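Thanks, everyone. Please take a look at the sequence and the structure on the screen. Then I'll walk you through them.

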Amino acid sequence: MEDLMRTIESQARAEGALRVTRIRVHLGALSHFTPRHFREHFEDASRGTLAEGAEVETRVRTDPTDAGAQGVVLESIDVEL
């Protein structure tokens, strides 16, 4: 989660964002995250960051042989400028 938050913060700052309004992630088939579980972790990790309060959209991948099957892949972020 720390790496994900660093990536989100970095992208948001590069865009000159005031805050992150939405993130979209893919949850790998072997990531051990459900969408609800991921949101709980994201809410905790994002406190005090530009992403605090951001909407979270998740897509669960089902292919265990996919390259990102064991992790969480950031698809995109939406920001407020």
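First, a term: contact here means heavy atoms within 4.5 Å. Another one: helices (H or I, at least four residues) and strands (E, at least two) are DSSP runs, numbered from the N terminus.

This is a predicted model, where local features need pLDDT of at least 70, side-chain atom pairs count only at pLDDT 80 or more, and totals for chains, interfaces and linings use all residues. Residues are numbered from 1 along each chain as its sequence is written, and side-chain values use heavy atoms, with hydrogens and water left out.

Now the overall picture. The protein has two helices and three strands. From the N terminus, the order is α-β-α-β-β. Its radius of gyration is 12 Å, close to the 12 Å that the globule rule gives for 81 residues, so the protein is as compact as a globular protein of that length. That radius is taken over C-alpha atoms, and the rule is 2.2 Å times the number of residues to the power 0.38. Of the contacts with a separation of 6 or more, 82% join residues 24 or more positions apart.

Let's go to helix α2. α2 covers residues 35-46, 12 residues in total. From first C-alpha to last, α2 reaches 16 Å, close to the 16 Å expected at 1.5 Å a residue. The expected span is 1.5 Å times one less than the number of residues.

Which residues of α2 are buried? They are Phe38, Phe42 and Ser46. They cover an arc of only 55° around the axis, which puts them on the same side of α2. The arc is that of the directions from the helix axis to the C-beta atoms. Buried means under 20% relative accessible area, exposed over 50%, partly exposed in between (1.4 Å probe, protein chains only).

What covers them? The cover includes α1 (2-14), β1 (19-27), β2 (55-60) and β3 (72-80).

Take Ser46. Its relative accessible area is 1%. Leaving out residues up to four places away in sequence, Ser46 touches Met5, Ala51, Glu52 and Gly53. Just after α2, Gly48 has a positive phi of about 80°.

Last, the core. A nonpolar core is a set of buried Ala, Val, Leu, Ile, Met, Phe, Trp, Tyr and Cys residues joined through side-chain atoms within 4.5 Å. The largest one has 16 residues, and Ile8, Val20, Ile23, Phe38 and Phe42 touch the most other members. α1, β1 and α2 each give two or more residues to this core. Beyond its neighbours within four places in sequence, Ile8 contacts Val20, Ile23, Phe42, Ala51, Leu74 and Ile77.
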